[in-house]
Amino acid sequence: MPRGQQQEPPAAAANKSNRKDPPLIQCADLILPWLTPRELANISTTCKTLSEISKSITLRRTLDASRFIENHPVPFLNPNNQHPYAYFLYTPSQLLPSQSPLRQPWGSQLDRDSLGRHRGSSACKLNVPGEVLRGCDSGPATPRRGTFESGKGVGGCDCDCEGCEEGGTGWEFLGLEEMGIMTECGPGCGCGLECSNRLSQFICEYAGELLTTEEARKRQQIYDELASGGQFSSALLVVREHLPSGKACLRINIDATRTGNVARFINHSCDGGNLATVLVRHTGSLLPHLCFFASRNIKEGEELTFSYGDIRVRSKGLQCFCGSSCCFDASANNEQANTEREYKDPFRSSNFKSHIANK
Ligand SMILES: C[S@@+](CC[C@H](N)C(=O)[O-])C[C@H]1O[C@@H](n2cnc3c(N)ncnc32)[C@H](O)[C@@H]1O
């Protein structure tokens, strides 16, 4: 059913509030969207009106995990149990832990009424203090210098496309291009969306908190303990860039467990799935962004998956549900097959090694 035609949830109770109502009820639709599911559940036990408002917020949350940030809604469908949605904070791009918001409003009546449509990629309107890396419909991005002092692109960006006045990409001196890292124009450039140096059309970025390796290891220990209870799944992705010599030169840890985007829902497949990860570097951005590209043609309705690499699902003693013909779980039951089957690692021929949550 199109968004505009959805049946009115029981939020009508909120509209009936009048001056005689306690202040909390009068402001409920402004305040309650800031609450976590647990807080929402607690407050909904206090009176019928708050219970109805909470229910309507939960319903709206179920309709779009992206808080209207993405071009298309990210609805929750859970055929397995009663949990209506996974709670996490949404960010369209990677950010530092210090930039991660403590709270975000989600599911307010205002969102639906005032927008009535998705905001598209206007991350500028997002209430997240992270770096805005996507296009913004509120005007051209402000040109800014690259984070490295490459000595190029005076007063603007550091790229060499026709739309930008000077300079090379600024990354040559690091040898990143030889390592297979894509270098592109981005919001920091003076060029526009039509620029020929904005070629990559990726499915989505793996967005989350960018962690130091020390912090990633600490968090992973906590996640492992929580996961042993069986009710917790983390989304800490580790990517290593390797020099042609084979020595790791850069490790990127992106944790989408608490703050992430739609990519945090992508499951593992032992056969490599239909996605490949590529590190994409925008001009003016110090660190590359981990993006998913289609590794083959993808049918409509097909689940998006990729290989977590060193299969964490199995190492935790959990069953793998990928169902692929070369699934580790399937082969574990058949030693003969195990030796004959080749593990199709999509990262084998590239410089990247990645895995979800390996220490
Ligand atoms: C990044 S999350 C993926 C999204 C997760 N399935 C969800 O619904 O939120 C990673 C977690 O999903 C689960 N998972 C992913 N792929 C799996 C697979 N092939 N078999 C079993 N569990 C898997 C594991 O619990 C893993 O820790």
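Phe68 lies in the loop between α5 and β1. In this predicted model, Phe68 has a positive phi of about 70 degrees, although it is not a glycine. Is Phe68 buried or exposed? Phe68 counts as buried, because 23 C-beta neighbours lie inside 10 Å.

Arg67 belongs to that loop too, between α5 (48–63) and β1 (89–90). Its phi is also positive, at about 60 degrees, and Arg67 is not a glycine either. Around Arg67 there are 25 other C-beta atoms within 10 Å, so this arginine is buried.

Now step back to the whole chain. It contains 10 helices and 11 strands. Its length is 359 residues, and 35% of them count as buried. Consider contacts with a separation of 6 or more: residues 24 or more positions apart account for 65% of these.

Start with the helices. Helix α4 covers residues 37–44 and packs against α5. The angle between them is about 155 degrees, and their axes are 8 Å apart. How are α4 and α5 oriented to each other? Angles over 145 degrees count as roughly antiparallel, and α4 and α5 are therefore roughly antiparallel. From α4, the contact draws on Leu40, Ile43 and Ser44. From α5 come Leu50, Ser51, Ser54, Ile57 and Thr58. By class, the contact has 4 nonpolar and 4 polar residues, with no charged ones.

Next come the strands. β3 (residues 204–205) pairs with β9 in the antiparallel sense, over 2 bridges. Here Cys204 stands opposite Phe292 in β9. β8 and β9 also run antiparallel, joined by 6 bridges. Which residue of β9 does Thr277 face? Thr277 stands opposite Phe292.

In soluble globular proteins, nonpolar side chains tend to be buried together. The largest nonpolar core in this model has 24 residues. Phe292 is among those with the most contacts inside it, along with Tyr206, Leu237, Ile254, Ala256, Ala263 and Leu290. Which strands each supply at least two residues of this core? They are β4 (208–211), β5 (236–242), β6 (248–260), β8 (275–282) and β9 (289–294). β5 gives the most, with 4 residues.

Is Cys320 buried or exposed? Cys320 is buried, because 20 other C-beta atoms lie within 10 Å. Ser269 is 51 residues away from Cys320 along the chain. Their C-alpha atoms are separated by 8.4 Å.

Terms used
Residues numbered from 1 in each chain as written. Predicted model: local features only at pLDDT ≥ 70, side-chain atom pairs only at ≥ 80, totals over all residues. Core = buried A, V, L, I, M, F, W, Y, C linked by C-beta atoms within 7 Å. Buried ≥ 20, exposed ≤ 12 C-beta atoms within 10 Å, placed from the backbone. Pairing = 2+ DSSP bridges. Axes fitted to C-alpha atoms, helices over the stretch in contact; angles between N-to-C directions. Parallel < 35°, antiparallel > 145°, perpendicular 65-115°, else oblique. Contact = placed C-beta atoms within 7 Å. Nonpolar A, V, L, I, M, F, W, Y, C, P; charged D, E, K, R; others polar.
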